[in-house]
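Hello,

Here is the structure I promised to pass on. Please open it alongside this message; my notes follow below.

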Amino acid sequence: GDACERGRQIGEKLRGRIEAIMSAKRESWNDEKLQRWKAAAPRYAEACRHHAPLAWAELQGAASAGVREEDLLGLLCEWEVFYEPPPPEGAESAESSGPERCSGFCDLRG
């Protein structure tokens with residue numbers, strides 16, 4: 001089927017696992033980490049829609065199968081939000097390090 005149908009099938013099959021993973025993360029994350037994740041997810045959605053329309057269609061399909069879109073986006077952007085490499089020496093923060101420091105296809109710091 002198309003990308004949305006693939007996503008729906010994946011969502012149906014993995015919904016329980018995704019819910020369990022996200023429940024464990026919510027219980028173990030501190031408030032700051034949870035807020036960074038929630039703030040980054042919508043920015044990632046816009047970039048995903050624009051730069052990766054097939055991945056976006058699959059995500060929407062998974063959401064149609066009952067997987068929370070917020071959870072899907074959070075899992076997709078988790079690396080950039082929490083495991084971003086440290087800023088270069090002399091930089092005041094990761095924000096001043098530029099998009100070349102990003103490990104994914106989009107820079108979420110802006």
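Which side chain makes a polar contact with the side chain of Glu5? The partner is Gln9, at 2.9 Å. Bear in mind that this is a predicted model.

More on Glu5. This residue sits in helix H1, which covers residues 3-28. Glu5 is partly exposed: its relative accessible area is 24%, and the cut-off for buried is under 20%. Along the chain, Glu5 and Glu58 are 53 residues apart. Their C-alpha atoms are separated by 7.2 Å.

Next, H1 itself. At the start of the helix, a side-chain oxygen of Asp2 comes to within 3.3 Å of the backbone nitrogen of Cys4. Further along, H1 has a kink of about 60°, centred on Leu14. The end C-alpha atoms of H1 span only 33 Å, whereas a straight helix of 26 residues would span 38 Å. Buried positions in H1 include Ala3, Gly7 and Gly11. Ile18, Met22 and Lys25 are buried as well.

Then the other two helices. H2 takes in residues 31-51, and H3 residues 53-64. Their axes come within 5 Å and cross at roughly 120°. H2 is therefore oblique to H3. From H2, the contact is made by Ala45, Cys48, Arg49, His50 and His51. From H3, Pro53, Ala55 and Trp56 take part.

Best wishes

Definitions and conventions. Residues numbered from 1 in each chain as written. Predicted model: local features only at pLDDT ≥ 70, side-chain atom pairs only at ≥ 80, totals over all residues. Heavy atoms only, no water. Helix = DSSP H or I, 4+ residues; strand = E, 2+ residues; numbered from the N terminus. Buried < 20%, exposed > 50% of the residue type's maximum accessible area, 1.4 Å probe, protein only. Polar contact = N/O pair within 3.5 Å; in protein donor to acceptor, adjacent residues only side chain to side chain. Expected span 1.5 Å × (residues − 1). Bend = angle between axes of the 7 residues up to and from the residue. Axes fitted to C-alpha atoms, helices over the stretch in contact; angles between N-to-C directions. Parallel < 35°, antiparallel > 145°, perpendicular 65-115°, else oblique. Contact = heavy atoms within 4.5 Å.
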